[in-house]
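My notes follow in the order I made them.

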Amino acid sequence: MRIDIPLSCPVPLKHSTVQLAHGGGGRLMRQLIEEVFLEPLPASPLMERHDSAVVPLGAERLALTTDSYVVTPRFFPGGDIGRLAVYGTVNDLAMAGARPLYLSAGFILEEGLALEELRRVVASLREAARECGVRLVTGDTKVVDRGKADGLFLNTTGVGRVPSGRSVHPLRVRPGDVVLVSGDVGRHGIAVLSVREGIAFETPIQSDCAPLTPLVEALFDAGVDVHCLRDTTRGGLASALNEIALDGGVGLVLEESAVPVDEGVEGACELLGLDPLYVACEGRMVAFVPAPQAEAALKALRGHPLGAGAARIGRVTEAHPGQVSLRTRLGGHRLLDLLSGEQLPRIC
């Protein structure tokens, strides 16, 4: 049976128009951000390339982030666009060490969208916000012509407070730090793909879509000096680690055998020719912590159901700054680079 899946992987050439790969979390997206957005908008919080901007407000520090969601299909195993929007924004705040407080929601609706479906999305968004302890305080609605918005696009903006004494940033990553992951990787991308393409696996794969705030708070409550956090969304674990290596100016060595991958996800990736290290998650994060605190950090993560599968997967080195090296199961090494194109479009 032939399965037609858009696994486009264009080489990183200069383009005169926006490509799907510009949204894939890989090399082209980084190039787009640097050349189109950062050069004409050299404001310091943008240049830090963090998941959230941390800005002062009087004696306090606030974290601010915004994200847009265009996932198709809008309902998938383990979640939907409403939950995804709340969790994704809350997670971006949490990756800056912030405690999320408020959200806004902007809906772009296409003429013809069923109101019953819209009500389901809003109900899901409301329930996810309640679960995360954040208040939805403002919003916006726009309606566009039939055929102009693929049904529904959703933007959420989040505001949180960074507790005194917390500093979570790629520039804090140091040689000798260890890399932890909060659970198995690749579930979200495969769950969305299975519904979109009508692929039935022997064991249905659920998205890992979830809020990460409880895990972050567990680390700080355990007294861990968290140097950096990053959720593994577009581009998966490999892209998140490359971003930290580039922005922190350090080298990383990842142990392939230590990375947890669900058996079903691994089988699906083998079938589809995908690398699970590059498949998106929506409820997983990496944490960079000092080596002497690694066991305490793992204990804190595993003490919460969302972190039960946490594992130590790598280390930070002085060698090869800006690069991620993968130590394979056979003992060899290969460069784990940023994707040149887009493995799976429209997954978040």
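Predicted model: local features only at pLDDT ≥ 70, side-chain atom pairs only at ≥ 80, totals over all residues.

**Entry 1**

I began with strand S2 (residues 60–69) and strand S7 (residues 152–162), which pair in the antiparallel sense over nine bridges.

Ala63 has Gly160 in S7 as its partner, and Leu62 has Arg161 in S7.

S7 also pairs with S5, again in the antiparallel sense, and here I found ten bridges. Ala105 stands opposite Thr156 of S7.

Then I asked myself what order the strands of this open sheet take. The five strands run S1-S2-S7-S5-S6, and the pairing is mixed. At the edges are strand S1 (53–57) and strand S6 (135–144), each of which pairs on one side only. From one strand to the next, the twist averages 20°.

**Entry 2: the two faces of S7**

Which residues of S7 are on the covered face, and which on the uncovered one? I listed Leu152, Leu154, Thr156, Gly158, Gly160 and Val162 as covered. Phe153, Asn155, Thr157, Val159 and Arg161 make up the uncovered face.

Helix H3 (residues 81–94) lies across S2, strand S5 (99–110) and S7, and H3 runs at about 150° to S2.

**Entry 3: cores**

The largest nonpolar core has 40 residues. The residues with the most contacts inside it are Ile81, Val86, Phe107, Leu152, Leu154, Ile190 and Leu274. The elements giving two or more residues to this core are H3, S5, helix H4 (115–132), S7, helix H5 (187–197) and helix H8 (263–272).

Leaving aside its neighbours within four places in sequence, Phe107 is in contact with several residues, among them Leu118, Val121, Val122, Leu125, Leu152, Phe153 and Leu154.

There is also a second, separate core of 26 residues, including Val181, Cys281, Phe288 and Ile313.

**Entry 4: the seven-stranded sheet**

I moved on to the other open sheet, where seven strands take the order S9-S11-S8-S12-S10-S13-S14 with mixed pairing. Its edge strands are strand S9 (228–231) and strand S14 (333–335), each pairing on one side only. Neighbouring strands are turned by 25° against each other on average, direction ignored.

Strand S10 (residues 251–255) and strand S13 (residues 324–327) run parallel and are joined by four bridges. Leu252 stands opposite Val324 in S13.

Helix H7 (residues 236–248) lies across strand S8 (178–181), S9, S10, strand S11 (285–289), S12 and S13. H7 runs at about 145° to S9.

**Entry 5: Ala311**

Is Ala311 buried or exposed? I get a relative accessible area of 12%, so Ala311 counts as buried. Ala311 is placed in strand S12 (residues 311–317).

Leaving aside its neighbours within four places in sequence, Ala311 is in contact with Val179, Leu180, Val181, Ala258, Pro260, Leu298 and Arg302. I also noted that Ala311 and Val181 are 130 residues apart along the chain, yet their C-alpha atoms are separated by 5.5 Å.

**Entry 6: rings**

How many aromatic pairs does the structure hold? I found zero. Charges over rings did turn up: the charged end of Arg120 sits over the ring of Phe75, 3.9 Å from its centre. The charged end of Arg166 sits over the ring of Phe220, also 3.9 Å from the centre of that ring.

Technical notes:
Residues numbered from 1 in each chain as written. Heavy atoms only, no water. Phe/Tyr/Trp six-rings, centres within 6.5 Å; stacked < 30°, edge-to-face > 60°. Lys NZ or Arg CZ within 6 Å of the ring centre and 35° of its normal. Pairing = 2+ DSSP bridges. Axes fitted to C-alpha atoms, helices over the stretch in contact; angles between N-to-C directions. Contact = heavy atoms within 4.5 Å. Core = buried A, V, L, I, M, F, W, Y, C linked by side-chain atoms within 4.5 Å. Buried < 20%, exposed > 50% of the residue type's maximum accessible area, 1.4 Å probe, protein only.
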